[in-house]
Amino acid sequence: MGKVIVVTSGKGGVGKTTSSAALGAALARDGEKVVVVDFDVGLRNLDLVMGAERRVVYDLVNVIQGEAKLTQALIRDKRLETLYLLPASQTRDKDNLTAEGVETVIGALKQAFDWVICDSPAGIERGATLAMRHADIAIVVTNPEVSSVRDSDRIIGLLDSKTLKAEAGDRMEKHLLLTRYDPVRAQRGDMLKVDDVLEILSIPLLGIVPESMDVLRASNVGSPVTLADERSAPAVAYFDAARRLKGEALPIAIPGEKRGFFGKFFGRKVA
Amino acid sequence: MNLLRLFSRSQSAPAARERLQVLLAHERAAVGDSDLVTKLRDEILRAIAKHMQIDDEKVSVRMERGAKVSTLAVDIEIPFDTDKKAA
Ligand SMILES: Nc1ncnc2c1ncn2[C@@H]1O[C@H](COP(=O)(O)OP(=O)(O)OP(=O)(O)O)[C@@H](O)[C@H]1O
Ligand SMILES: [Mg+2]
């Protein structure tokens, strides 16, 4: 049975879709069977970031409404044969997502894949709550900036109350992915420090992804950044984060600094 | 960052522009309901459904939307009963 991950944030534009694609591709490159599901109904973008936009035949809403079979809607990546995409609908709205429909789809995907990565839309409405509903693990994507941290705190609250895991009295495994981290601004002291964000949100750190042109370049050509240039700084950060998801304990380097994090902030038990 | 790597890379913006032009042309057609590929897909599947049960594993549909041409591939596994033929 595969693991279901939700990539969520509350705030928009922090890097959820970029991270979903990059982590999905990183896991699939190691031979894991991965499906990345776009929950951003009405404003899909994961297909573009993964370079599959010309090959979309059916989408999540078609499957939920019974207009297409799940296997017909899955698109296999052109580069990695264990990486699949389930696109969101571009023309229908999110009211077409039913709780039962989503449950059936996620249940079937868990049977067939090692990892089911749900790319959540921004906000705390239906799309976002349905994306997190069946998760085993949550990745909270946060930028080192006040409104993003505040929204992440709100999302953590929802993860601990509105998910199936929470309702069953279980603990949701939560990880913080700090993205768009700018070492120059950090050095000037104009950006929240990693320690500050960790202290405020108090969930373990999965990785720190630097602000980088490589992310823009990858999305321009339609490739997850971990496949576009696997030696680039953001790609390395995502590859390490993927290994931590699989249970490896790797030290986390802070971009632009010599010191790193180990033990104190990273540890699965803290969640 | 390695400078050599930086300069050896080609620009990515032209690729973004080309991808967007193709995608948006197709999306606008879809909104105006004049998307021929989707229409053909649905009509072909309806025709198939008249003659056989459309099974998950037995019918696969692929599309590729291009700037000048698009392709639609409907791959059907058609059941054939050898017993009936021999009888
Ligand atoms: N590490 C990074 N460095 C530079 N740009 C980045 C980085 N991460 C994301 N971006 C850029 O930020 C923008 C938003 O990213 P993305 O679409 O992944 O965010 P999102 O959280 O999915 O947004 P939404 O809430 O709208 O779904 C994109 O233009 C993306 O290229
Ligand atoms: Mg997104």
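Where is the place of A:Ala25 in chain A? A:Ala25 sits in helix 1 of chain A. Helices here are DSSP runs of H or I with at least four residues, strands are E runs of at least two, and both are numbered from the N terminus.

This is a predicted model, in which local features need pLDDT of at least 70, side-chain atom pairs count only at pLDDT 80 or more, and totals for chains, interfaces and linings use all residues. Residues are numbered from 1 along each chain as its sequence is written, chains are lettered from A and ligands numbered from 1 in the order in which they are written, and side-chain values use heavy atoms, with hydrogens and water left out.

## Helix 1 of chain A

Helix 1 of chain A has 14 residues. From its first C-alpha to its last it reaches 20 Å, close to the 20 Å expected at 1.5 Å a residue. That expected span is 1.5 Å times one less than the number of residues.

Twelve of the 14 residues of helix 1 are buried, so the helix is largely enclosed by the rest of the structure. Buried means under 20% relative accessible area, exposed means over 50%, and partly exposed lies in between (1.4 Å probe, protein chains only). The buried set includes A:Lys16, A:Thr17, A:Ser19 and A:Ser20. A:Leu23 and A:Leu27 are also among them.

A:Ala25 counts as buried because its relative accessibility is 0%. A:Phe239 is 214 residues from A:Ala25 in sequence. In space, the two are 9.0 Å apart, C-alpha to C-alpha. After helix 1 comes A:Gly31, whose phi is positive, near 90°.

## The ligand site

Which residues are closest to ligand 1? They are A:Lys16, A:Thr17, A:Thr18, A:Arg180 and A:Ser212. In total, 15 residues surround the ligand. A residue is near a molecule or strand if one of its heavy atoms lies within 4 Å of it.

| Residue | Protein atom | Ligand 1 atom | Distance |
|---|---|---|---|
| A:Val14 | backbone N or O | oxygen | 3.2 Å |
| A:Thr17 | side-chain N or O | oxygen | 2.8 Å |
| A:Pro210 | polar backbone atom | nitrogen | 2.9 Å |

On its own, ligand 1 has 630 Å² of accessible area, and the protein covers 78% of this. Accessible areas come from the Shrake-Rupley method with a 1.4 Å probe; for residues, only the protein chains shown count as cover.

Helix 1 (16-29) and strand 8 (205-210) of chain A are the elements that give two or more residues to the shell around ligand 1. Helix 1 gives the most, with three residues. By class, the shell has five nonpolar, six polar and four charged residues. Here Ala, Val, Leu, Ile, Met, Phe, Trp, Tyr, Cys and Pro count as nonpolar, Asp, Glu, Lys and Arg as charged, and the others, Gly among them, as polar.

## The sheet of chain A

Eight strands of chain A form an open sheet in the order 3-4-2-5-1-6-7-8, with mixed pairing. Strand 3 (75-76) and strand 8 stand at the edges with a single partner strand each, so one side of each is left without a neighbour in the sheet. Two strands pair if DSSP finds at least two bridges between them.

Strand 1 (residues 3-8) has five of its six residues buried, so it is largely enclosed by the rest of the structure. Five bridges join it to strand 5 (residues 115-119), and the two run parallel. A:Val7 has A:Asp119 as its bridge partner in strand 5. Strand 1 also pairs with strand 6 (residues 137-142) in the parallel sense, over four bridges. There, A:Ile5 stands opposite A:Ile137.

What covers strand 2 (residues 34-38)? Five of its five residues are buried, so strand 2 is largely enclosed by the rest of the structure. A:Val34, A:Val36 and A:Asp38 lie on one side, A:Val35 and A:Val37 on the other, and all are buried. Strand 2 pairs in the parallel sense with strand 4 (residues 83-86) over four bridges. A:Val35 stands opposite A:Tyr84 in strand 4, and its bridge partner in strand 5 is A:Val116.

A:Leu178 has A:Ile208 of strand 8 as its bridge partner.

## Chain B

Chain B has four helices and two strands. From the N terminus on, its elements run α-α-α-β-β-α. Of its 87 residues, 22% are buried.

Key: Polar contact = N/O pair within 3.5 Å; in protein donor to acceptor, adjacent residues only side chain to side chain.
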